[in-house]
Amino acid sequence: MKDLALHILDILQNSVTAGAKLVQLGIEEIPSADKYIVTITDDGKGMSEEMVQQVTDPFFTTRTTRKVGLGLPLLKQNAERTGGSLIIDSKPGEGTKVTAVFSYSHIDRLPTGDIPGILALTASSYAEIDFIYKHHTPEGIFSFDTTEIKETLEGVPINNPQVITFMKDFIRDNLAEIKAS
Amino acid sequence: MTKITSLADLRRIKSDVEVKMNLRERSESPESMVQIRVAMATCGIASGAKIVMDYLVNELDKRSIPAVVTQTGCMGYCYAEPTIEVTRPGQQPIVFGYVDSKKADQIIEKYIKNGELLDGIIPVNYENIEGK
């Protein structure tokens, strides 16, 4: 993956496949502690302890169309490359939380990429799922919540191209405001 | 100071879209629109599926073609990513492989607009991706 946003796009798909109704993405930039932490939390079907052990194995997948599953292994590799880590907490029936910790200042920390784009495209593709995104920086906090968007839209579909463009602009402008890296 | 996009802008967009939707007299139920699904698993994303999806959303809107673009999982054609599945109203879905922005442009102009087939179709024998 070329950037972090693409990794997030990939992991969000896992939550969707797990049947989540609410998916939360959190990004915390803590330069003072040299940490850049990404969390993806869902209320999907969760995984057994055994499966949690296996998911970072590239040769493990739940798919039947192919024999490899590289999403989490690649994210793990990229996190560890910066001296960080990947932690997965999951309980069957309750959901899954994936935490990727990167060293903020490490030269191998991936560029952030198009977070506004991947969120707008995912939120519009899965209109029945709610997405909450919170981004913390030393300058402030931005939160984006699709329930709020849907309430404002009052029935206008979230996958309308103008709405997608709005979501991108909305996230991009507000991230710039809190000086997200 | 630069203006920041806010939810107030969304309200404006909402009324705007509602007017347009009423003009079309709600003839556009999802079944009467072109449905495009972009394979967006690890293999697709790594090959540039996100750029293709962005392109399709923007271009279909610019060219005023009513369509729904969504994401889907991997179909097992990892070698041919990015792949997209296009369903014209009332027709069987067709899967295109090796789609980049240039190819996506051809798909819009030839297949979506006129129903002309073009290179790069992956022969499949299932109803849709989920049905596989």
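**Helix packing and the chain contact**

Mentor: Helix α4 (residues 115-125) of chain A packs against helix α6 (residues 161-177) of chain A at an angle of about 145°, with the axes 8 Å apart. Axes are lines fitted to C-alpha atoms over the stretch in contact, and angles run from 0 to 180 degrees between N-to-C directions. Helices are DSSP runs (H or I, at least four residues), numbered from the N terminus. This is a predicted model: local features need pLDDT of at least 70, side-chain atom pairs count only at pLDDT 80 or more, and totals for chains, interfaces and linings use all residues. Residues are numbered from 1 along each chain as its sequence is written, while chains are lettered from A and ligands numbered from 1 in the order in which they are written.

Trainee: Which residues of α6(A) does α4(A) meet?
Mentor: They include Ile164(A), Met167(A) and Ile171(A), met by α4(A) residues including Leu119(A) and Ala123(A). Contact puts C-beta atoms, placed from the backbone, within 7 Å.

Trainee: New topic: how many residues of chain A are in contact with chain B?
Mentor: 34, in contact with 29 residues of chain B.

Trainee: And which helix gives the most to that side of chain A?
Mentor: α6(A), with 10 residues.

Trainee: Over in chain B, what should helix α3 span?
Mentor: At 1.5 Å a residue, its 14 residues (49-62) should span 20 Å, and the end C-alpha atoms are 20 Å apart, which agrees. The expected span is 1.5 Å times one less than the number of residues.

Trainee: What follows α3(B)?
Mentor: Ser64(B), with a positive phi near 50°.

Terms used:
Helix = DSSP H or I, 4+ residues; strand = E, 2+ residues; numbered from the N terminus. Contact = placed C-beta atoms within 7 Å.
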